[in-house]
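Dear colleague,

Please find below the structure that I am passing on to you.

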Amino acid sequence: MEAAGQNRPITLIVDDEPGIRNFVQHVAESVGMQAVGAVSGSDALNKLKTLSPTIIVMDMQMPNGDGVQLIQGLAGLGIQAKIVIISGADTRLLEVSAEIARQRGLDIGAVLHKPVRFEELRRTLSDLYSTTMPFSAATLRGIIDGDAPILHYQPKIRLSDAAFIGVEALLRCRDAADRPVSPELAISIAEEAGLMPALNDRIFRAAVEQRRQWSESGRELDVAINLCASVSFENDLPDRLAAICAEHKVPNTAIILEMTERALERDNLVAMETMTRLRLMGFRLSIDDFGTGHSSLVRLRQMPFSELKIDRSFVTNLERSAENAVIVRSLVQLAQNLEMHCVIEGIEDAYALKFAAQLDCNEAQGFHIARPMAPSEIREFELTWRWRRTSLESPVNHPAPVDAAAQELKPSA
């Protein structure tokens, strides 16, 4: 799973409660948007001097200026963003507030009552996001039915010797204006339009076909492919995937199927049956973004995963965050104790790469190694990496960063 891009549309969240801001940020990012928080109306108006958000999510009851004053300020700036009001105020008051905003020339996208549910807000933001971009279910259907390239590939290295051994296939779509569309938005639209099985098969087939082409040129790479939770446990999934591999003469063992923790929240017996069949067929199964969901260790132990992939959120600022260092070390040890392969994603600097190798983690990927790229660029990366690989210092010759991190956590005398 990849990091959020820096050119995605922005949701500005105006609420004085940190918990609400974090919640809305999580929802906005789940549909492919960036999120920026503001603690008050005046803070929001100040941020709008340099921001051009697509959506503004705002509360009506805040200290240092209420929602009506913010509406007046937004109108004064000529803001064109979709406005979503989320408040605990009574229904009549919210209706009047929305009418004030409309009469001020603002575009009210939705009015929601606190507490708001994740799926309700996600659906609202996804619908509003879709209306601001020329990308729809019909556009996605055309992409699925067409033959244009839809995948980029991010290289993965083996940490024991820094060898280039595989890639992760990542969805890349473009809208009607030929602008890149975030994978999260494409998947959100696919799920709502019932296109997820078709999109999943299109992604899998494209990745397997590319693996065959690499094999024919003498490049034997493992290919990791993300499976959406909504199609992860269809009864015929193992047979469909195996048939595609057989068609392209690609061994099942070369394919790693990545599933997020959300997949574990589904029917336990069906999940166990489907995943066991996939493993029996030779596919490898990876639990992606581990540590960010709500699955229990018991649930993890019950499922036949062969790989644990540590989420990038724990790898951020390893050099400065003793807490992240401890979490990453614990997760690597968990994988080792469960005899699972371990991959760390989000490697964005040399320190993180050395840290991962020091822990005897198996593989790594991230921008420090390589960004996602078109298949045609893999050959150039391979040649460049051979040179970079020889210049890398051996990680085992460096002091264990985890020890330093643990030392920081010790109470002072």
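In what follows, a residue is called buried if its relative accessible area is under 20%; over 50% it is exposed, and in between it is partly exposed. Please bear in mind that this is a predicted model.

By this criterion, both Phe204 and Phe283 are buried. Three further topics are set out below, beginning with the fold.

Eight strands form a closed barrel in the order β6-β7-β10-β11-β12-β13-β14-β15, and their pairing is mixed. Within it, strands β7 (residues 163–171) and β10 (residues 222–226) run parallel and are joined by four bridges. Ala169 is placed opposite Ile225 of β10.

Turning to the aromatic residues, five aromatic pairs were found in a search of the whole structure. The ring centres of Phe23 and Phe118 are 6.5 Å apart and the planes stand at 70°, so this pair is edge-to-face. Because Phe23 belongs to helix α1 (residues 18–30) and Phe118 to helix α5 (residues 118–132), the pair ties together parts that are 95 residues apart in sequence. Phe23 is partly exposed, at 25% relative accessibility, and Phe118 is partly exposed as well, at 27%.

The rings of Phe204 and Phe283 are also edge-to-face, since their centres are 6.4 Å apart and their planes are at 65°. Phe204 lies in helix α8 (residues 196–216) and Phe283 in the loop between α10 (268–280) and β12 (284–290), so parts 79 residues apart in sequence are tied together.

Ring pairs also link Phe164, Phe381 and Trp385 into a cluster. Finally, Arg371 has its charged end over the ring of Phe367, 4.0 Å from the ring centre.

With kind regards

Notes. Residues numbered from 1 in each chain as written. Predicted model: local features only at pLDDT ≥ 70, side-chain atom pairs only at ≥ 80, totals over all residues. Heavy atoms only, no water. Pairing = 2+ DSSP bridges. Helix = DSSP H or I, 4+ residues; strand = E, 2+ residues; numbered from the N terminus. Phe/Tyr/Trp six-rings, centres within 6.5 Å; stacked < 30°, edge-to-face > 60°. Buried < 20%, exposed > 50% of the residue type's maximum accessible area, 1.4 Å probe, protein only. Lys NZ or Arg CZ within 6 Å of the ring centre and 35° of its normal.
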